[in-house]
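Colleague: I have a model open and want to learn how to read it. Take me through a few features, please.

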Amino acid sequence: MYAYIAFPIANYQQFIYKIPEHLISTIKEGVCVEASFRNKNTFGFVVSIVSKTTFKNKIKSIDKIAKDHCQLPSALWKTIIWIANYYICPIGIALKTAVPLLFKSDYVPRKNIYLAITKLGRSERLLLKKKAPKQFHFLSLLDKASIPCALAQLSQEITSASQIYKKLLAKEFISIIPEDQIISSHLVNARNITLNQEQTDIFDIVIQSMKQKKYSPYLLHGITGSGKTEIYIKLAAAALQQGQTMLMLVPEISLTPQLSQKFIDTFGEKIGLWHSKLTKAEKYQTWQNINSGKCSIIIGARSAIFSPVSNLGLIIIDEEHDASYKQESSTFKYHARDVGMVRAKYSNATIVLGSATPSIESYYNAINSKFKLLEIKSRYNDADYPQVNIVDMKEGKNRFSYDFSHQLITAMKKCIQNNEQMIILHNRRGFSNICRCQDCGEITRCDHCSISLTYHSDAQLICHYCSRSYPKPQQCSNCNGSNISLIGTGTQKIELEINKLFPDINIARMDFDTMKNYSNYKNILSDFESGEYDILLGTQMVSKGLDFSGVTLVGVINGDTNLYIPDFRSGERTFQLLYQVCGRAGRNQKNSKAIIQSWNPDNVFIKSAAKLSLDNYYHMTLKERSELKYPPYAKLFRILITGINKQVVESLASNIKKQLDGQPEGIQILGPSVAPIEKIKNNWRFHLLIKADKHKLSLAYNYIAKKIGFKTFHHKVKGPKVEIEVDPISIL
Ligand SMILES: [Zn+2]
Ligand SMILES: [Zn+2]
């Protein structure tokens, strides 16, 4: 017997090996084995098994089955094979992205140390505040936690935690809790969640399909604040009861500590958290816990869709419209929602896509009965939806300053007087986003990217694509004039302006510059919740899934920031952002308000968001997409060619276009053209778009394979790079 093995390399080829006699009964598709490959012992996965071969040369044998690396659950294995085919990528690369840990042999899991604060520690804690602030912080975290904390977890929040804990241990302020005690002492705080009628109806429908164990996709459309989380928790409890596992994806776990906390409070150590901020050791531990069945509810960001759970009963993809589900940086750019659908199908599981603003694709699938649509139309706890107003910033009489309208200032004053909280959104970080010569109009750009530089309050100009910083120029590079000024507004400038207007107010700023790690998010959000801040100011981060009962006002400084990005989804993004952020107001209170300032108050996307009119928005967007033949009415492939030498890249792009000539009916080729961002990190960028009619999908794959060859896309040689992206969500 022989096995074809895929190794984690950029090669479409699989390699044939002999299966030793004693392994014949254990080796199956999807089993991880060790074999000598290119003179090195390498892990690889068995893709197929054959009994005969015509291969003439000497065939090596598989050494052994990789130690702990058991077999991937069969549904997961099939999903990965689907990924490789669908996203045009070698199986080895798909495996490496999906299950990277399995290719590492050198890792020895570290034992976790669990710590709890002692009585002595509790009484001495405050005394440390001045003397030893780090020890104080450490103790405070343990004091706040209701169950013992893992040292590895504390290390994420405190620098040099491993030294501090030894000091505290010596003073007997903390104690080590044996791991087995934690498991036996954990409390499953099955919270008393009561669902209202609408929620109960939805719960009943979903639980029925989970019991039937057949693939059933749902789109759960609930307005913001409608209590989707409560339904999810009840469903998770039901899955556990039925002996099934559940996989829940959230856009970015660090942005949703509130949601994961609710689950942890309810299910304790049954929860496995999976996200990019975990250390390698934690990932390995979690992986083992999932594999051994200790964790049966997995919550995580995009890559958690590959967790090795078996007996999957339910997949939930919360905020399914969120762009972070799309992997943008790896060798193949998958969409976790679409992968989730396939995994659910192979697992005979139920999948629920939840959102207040479903993506156009999912909405389209729902109206075409590919998904069953579930709707919640009222807000949880009878909270009112905020009253939303658009302020026309073109009208001079409306403007208090360039960035603030009289209406917003008045509402902010009132909010402060009433001791209520507000969220201010401005989707641009930095201080000023443009540095321009007033004489000739020249805009200062990054030397390495075709991007205008953003001025930051530390007096540096920074490129948001490659992070290079530059001093502010004294002279214009074009006309040598010295009349250089900063225009445009970022969050730092807004913070300064609010500080000037309301000096006694505490502002928490949340953007890429202030949120460097997980604890930053957690601290800011919990401090805002406890009322230490009056204003939460930030970029789109403040629009995502947050739930604060004290917020009665949402202000949007400039509702237009996403509108003019040259991308077919800019309208969709604008609508989602505005609609979502408005929903942050009035979670618990009556008479809440949202104010959207705009220089384009008549724009249909802005108007629909302010009217909270989803029907209007979907109708309009689908009509536009259908006319222009964009998704969901067509399949999109993008071929991106990048390289240092502009001429070489450009001529390669036109060569590819020539290769593609003679396309069959139903397939359309656009380009080549220079990409909207023409240079990033010194690499020039050209692209071609291939649009295929929905029912011509396999024709399109065959055509690309025949004309260009898939090998072109994973070619590891020097020179320009050619990549293909299937279903791009942005074409910048
Ligand atoms: Zn100039
Ligand atoms: Zn740059």
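Colleague: How many bridges join β19 to strand β20?

Modeller: First, the terms. Helices (H or I, at least four residues) and strands (E, at least two) are DSSP runs, numbered from the N terminus. Two strands pair if DSSP finds at least two bridges between them. Here, three bridges link β19 with β20 (residues 460-462), and the two run antiparallel. H456 faces Q460 of β20.

Colleague: In what order do the strands of that open sheet stand?

Modeller: The order is β19-β20-β21, with antiparallel pairing. β19 (454-456) and β21 (469-471) are the edge strands with a single partner each, so one side of each has no neighbour in the sheet. From one strand to the next, the twist averages 40 degrees. Axes for such angles are lines fitted to C-alpha atoms, for helices over the stretch in contact; angles run from 0 to 180 degrees between N-to-C directions.

Colleague: What kind of model is this, and how are residues numbered?

Modeller: It is a predicted model: local features need pLDDT of at least 70, side-chain atom pairs count only at pLDDT 80 or more, and totals for chains, interfaces and linings use all residues. Residues are numbered from 1 along each chain as its sequence is written, while chains are lettered from A and ligands numbered from 1 in the order in which they are written.

Colleague: How many helices and strands does the protein chain have?

Modeller: The protein chain has 22 helices and 30 strands. Its radius of gyration (over C-alpha atoms) is judged against a globule rule, 2.2 Å times the number of residues to the power 0.38. The chain's value is 28 Å, close to the 27 Å the rule gives for 732 residues, so the chain is as compact as a globular protein of that length.

Colleague: Which residues have the most contacts inside the largest nonpolar core?

Modeller: Start with burial. A residue is buried with 20 or more other C-beta atoms within 10 Å of its own, exposed with 12 or fewer, and partly exposed in between; C-beta atoms are placed from the backbone. A nonpolar core is a set of buried Ala, Val, Leu, Ile, Met, Phe, Trp, Tyr and Cys residues joined through C-beta atoms within 7 Å. The largest has 106 residues, and A94, L247 and I298 have the most contacts inside it. Another core, of 47 residues, lies apart from it and includes C415 and L553.

Colleague: What does K721 touch, beyond neighbours within four places in sequence?

Modeller: Contact means that C-beta atoms, placed from the backbone, lie within 7 Å. By that test K721 touches T642 and G643. K721 belongs to strand β30 (residues 721-726). It counts as partly exposed because it has 18 C-beta neighbours inside 10 Å.

Colleague: Which backbone angles deserve a look?

Modeller: Most residues other than glycine have a negative phi, and most peptide bonds are trans. I88 has a positive phi of about 55 degrees and is not a glycine. It sits in the loop between α1 (74-86) and α2 (91-98).

Colleague: Is I88 buried or exposed?

Modeller: Buried, because it has 21 C-beta neighbours inside 10 Å. E172 also has a positive phi, near 60 degrees, but is exposed, with 12 other C-beta atoms within 10 Å.

Colleague: Where does a cis peptide bond occur?

Modeller: One joins P631 and P632, with omega about 5 degrees. P632 lies in the loop between α20 (614-628) and β27 (634-643). A cis bond also joins G671 and P672, and P672 lies in strand β28 (residues 667-680).

Conventions:
Two residues are in contact if their C-beta atoms, placed from the backbone, lie within 7 Å.
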